[in-house]
Amino acid sequence: MARDKIYSEEIFPSPFMQHWQIFRKTPVAMLGFSCFIFLIVLAIFGPILAPHSPVEGQLDMLLLPPAWHVDGDISYLLGTDELGRDMLSRLMYGTSLTFGLSFIVVVISLVIGVVIGSLSALTTGLKSSFLNHFLDVILSIPSLLLAIIIVAILGPGISNTVWAVVIVLIPQFVHITRYAVKEESRKDYVLASRLDGASPFRILYYSIFPNIIDRIMSQATMAQSAAILDIATLGFLGLGAQIPLPEWGASLANGLDLFYIAPWTVYLPGLAILFAVVATNLVGEGIRHALKLRKER
Amino acid sequence: MLVFTFRRLNLFLFTMLVLTLLSFSLSFLFPGDAIINVSGAVNATPTQLLSIRAAYQSDENLFWQYIAYLQHIANGELGISMASQSQISTEILNLLPATIELSLVALVIAMFVGIPLGFIAAIKHNKPADNIILSVSMLGYSIPVFWLGLLAILTFSINFGWLPSAGQISLLFEIELITGIQFIDILLSDSPYKWQAFGDATAHIILPACVIAVAPATIFIRLARTSMIEVLGTSYIRAARSKGLTFQQIIFRHAIRNALIKIIRHVGLQFANLVTIAMVTEVIFSWPGIGRWLIESIYQRDYTAIQSGLLVLSCFIFVVHILTDFIYAALNPLARGKKHGS
């Protein structure tokens with residue numbers, strides 16, 4: 001028999017834990033989540049695990065097809081590019097550049113966006129209206145266009161790309177946090193805690209944040225998939241990561257000239273981007289699904 | 001409706017203010033001299049430079065400089081391109097229609113594919129058809145557009161040889177530039193090969209437009225699905241059903257109309273997304289539009305072009321945004337403002 005009725009009091013899991021319990025029961029979401037964890041592990045340990053150097057080529061191993069091809073070599077599992085660089089190692093290093101950096105980008109913009117968003121939710125009147133309009137304007141400019149402009153100001157390069165994407169993502173977090181905080185603060189439990197004499201920051205920290213964290217997480221997954229695509233697109237356009245770096249978008253652009261002779265140099269980085277974005281979106285779908293189920297209860 | 005118009009107008013003015021401020025400040029943010037960045041006159045002699053300085057009032061304080069900048073924009077003077085030394089406003093006028101054409105075709109494709117699929121998914125809610133459509137749509141908005149474009153070129157242009165891979169029309173056809181929108185120009189021209197040219201232009205637009213349409217189409221699928229599910233759960237649908245209407249009558253007479261209205265609202269937002277995708281696709285398909293021009297100006301460090309390109313492109317997106325808002329309000333009385341007593 002189950003032991004869950006030993007104690008007389010019931011346990012109320014925090015909103016986050018409730019959410020996790022629903023999330024855990026969706027197999028597709030868990031699949032996406034494990035792929036996500038796999039990518040994070042690869043992003044951290046990829047450089048240690050990679051069998052070859054991502055920038056130094058083997059001149060006698062040019063344009064080797066993947067190992068399952070007749071001419072393939074098993075020590076170069078996914079083949080080599082036109083300079084004899086191992087594709088597998090390049091993709092593994094690329095994970096920490098494209099996926100790892102996009103994760104960092106999302107964390108930075110999440111922190112900044114949530115702080116600004118919750119502060120702005122506490123303000124009212126003209127300041128708030130101004131901010132609202134301003135956000136509308138920024139959000140109406142396409143994110144990639146804005147990122148391209150910022151890169152044009154800062155100059156091409158991977159670090160400038162990171163800053164550009166951070167700046168682009170912040171308004172989205174500000175918007176969603178502001179909206180969620182405003183919505184929650186109309187509810188009765190917040191009023192109760194206000195009547196208890198809690199200061200606005202205390203209410204924000206102890207009452208509102210635990211209840212909106214799932215919405216912010218859901219936004220974070222969307223931001224992450226946008227960040228991966230933006231970093232890769234900028235890399236592809238030659239505005240992001242520069243030549244020797246094995247960033248996925250940049251190595252895809254690198255393989256362009258030999259697309260017809262060596263299609264794997266274009267297929268593989270594209271598949272890697274697709275895999276990372278699909279994994280992220282599956283996690284996001286899982287979170288949104290859990291959100292919906294929890295609301296319906 | 002008057003209050004609604006007034007509000008939108010207010011928002012429009014505010015947006016223009018912010019956008020012009022942003023583009024004005026860009027000339028200071030870009031490397032180099034602000035006055036050269038804003039005018040593009042890299043080869044100007046000292047006397048020319050003096051007159052440009054006077055025109056932009058660069059000896060006055062920032063406020064008057066901004067006013068002078070606004071005056072220049074209002075007169076349609078966006079400076080000259082640093083790279084080609086030609087007027088940016090004429091360049092943009094030549095290029096923007098091609099982008100509008102491409103994005104509109106893509107938008108139409110996306111709507112005609114996405115919305116019906118979304119409705120089917122909603123009607124078959126929680127059945128295999130729904131799940132398949134949802135999974136495909138997830139794949140659709142996860143796929144990087146430049147990769148998709150390359151795969152499309154490899155498959156349909158190189159392997160099968162069905163469709164051309166680059167450009168707007170074959171160079172054999174000589175079409176006079178009247179409106180800039182290729183299809184209208186072809187129909188207006190009196191060339192004997194008009195219909196061949198039309199067919200050729202169609203063949204050229206199919207591939208890039210389909211590549212652009214993939215991501216917005218998947219978003220339309222999801223929007224259509226959610227709004228249809230919402231509508232099917234309302235009480236007026238239940239009333240229609242209890243009246244004894246057949247399922248088709250309910251869907252076609254009541255549900256689709258009400259569900260469509262909610263989607264129209266999001267078309268404006270999706271358009272911004274679509275234009276971004278179009279920018280990258282233009283680079284891949286060598287489409288002579290503003291996106292490719294903008295990205296090339298970044299390669300050439302043509303700051304005047306970047307600055308004006310940003311301004312024009314974001315204004316364009318915002319105008320579309322406001323237009324769809326108006327269409328939505330015209331179609332849906334509920335959106336025009338809060339009703340008393342509701």
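## Fold of the two chains

Read along the sequence, the elements of chain A follow the pattern α-α-α-α-α-α-α-α-α-α. In this predicted model, chain A has 10 helices and zero strands. Its C-alpha trace spans about 75 × 60 × 30 Å along the principal axes of chain A.

Chain B has 13 helices and, again, zero strands. From the N terminus on, the order in chain B is α-α-α-α-α-α-α-α-α-α-α-α-α. The C-alpha trace of chain B spans about 85 × 60 × 40 Å along its principal axes.

The size of an interface is often given as the accessible area lost when the parts come together. For chain B and chain A, the buried area is about 3,600 Å², with 84% of it on carbon and sulfur atoms. On the chain B side, B:Phe14, B:Phe146 and B:Trp147 lose the most area to chain A, and together they account for 17% of what that side buries. Counted by residues, the contact takes 42 from chain B and 37 from chain A.

Polar links across this interface can also be counted. Five residue pairs are in polar contact between chain B and chain A, with both residues at pLDDT 80 or more. The rule finds one salt bridge across the interface. A salt bridge joins B:Arg222 to A:Glu285, where the closest N and O atoms are 2.6 Å apart.

## Chain B side of the interface

Several helices of chain B give two or more residues to the side that touches chain A: H1 (2-29), H6 (128-142), H7 (145-159), H11 (247-284), H12 (290-299) and H13 (303-331). Of these, H1(B) gives the most, with eight residues.

By class, the side of chain B that touches chain A has 35 nonpolar residues, five polar residues and two charged residues.

## The second largest pocket

Rolling a probe the size of a water molecule over the atoms shows where empty space is left. The second largest pocket has a volume of about 650 Å³. It is lined by 26 residues, and those closest to its centre are A:Phe16, A:Ile213, A:Met217, A:Ala220 and A:Ile287. The elements that give two or more residues to this lining are helices H1 (15-24), H2 (27-49), H3 (87-122), H8 (200-236) and H10 (264-296) of chain A.

Which element gives the largest share of the lining of the second largest pocket? That element is H8(A), with 10 residues. By class, the lining of this pocket has 21 nonpolar, four polar and one charged residues.

Note on methods: Residues are numbered from 1 along each chain as its sequence is written. Chains are lettered from A and ligands numbered from 1 in the order in which they are written. This is a predicted model: local features need pLDDT of at least 70, side-chain atom pairs count only at pLDDT 80 or more; totals for chains, interfaces and linings use all residues. Side-chain values use heavy atoms; hydrogens and water are left out. On a 1 Å grid over the protein atoms alone, a cavity is a set of points where a 1.4 Å probe fits but cannot get out, and a pocket is an open set with protein on both sides within 12 Å along at least five of seven lines; lining residues have an atom within 4 Å of a point. Grid points are joined across faces, edges and corners, and a volume is the space filled by probe spheres set on the points. Helices (H or I, at least four residues) and strands (E, at least two) are DSSP runs, numbered from the N terminus. Ala, Val, Leu, Ile, Met, Phe, Trp, Tyr, Cys and Pro count as nonpolar, Asp, Glu, Lys and Arg as charged, and the others, Gly among them, as polar. Contact means heavy atoms within 4.5 Å. Buried area is the accessible area (1.4 Å probe) that two parts lose on being put together, summed over both. A salt bridge is a side-chain nitrogen of Lys or Arg within 4 Å of a carboxyl oxygen of Asp or Glu. A polar contact is a pair of N or O atoms within 3.5 Å; within protein, one must be able to donate a hydrogen and the other to accept it, and residues adjacent in sequence count only if both atoms are side-chain atoms.
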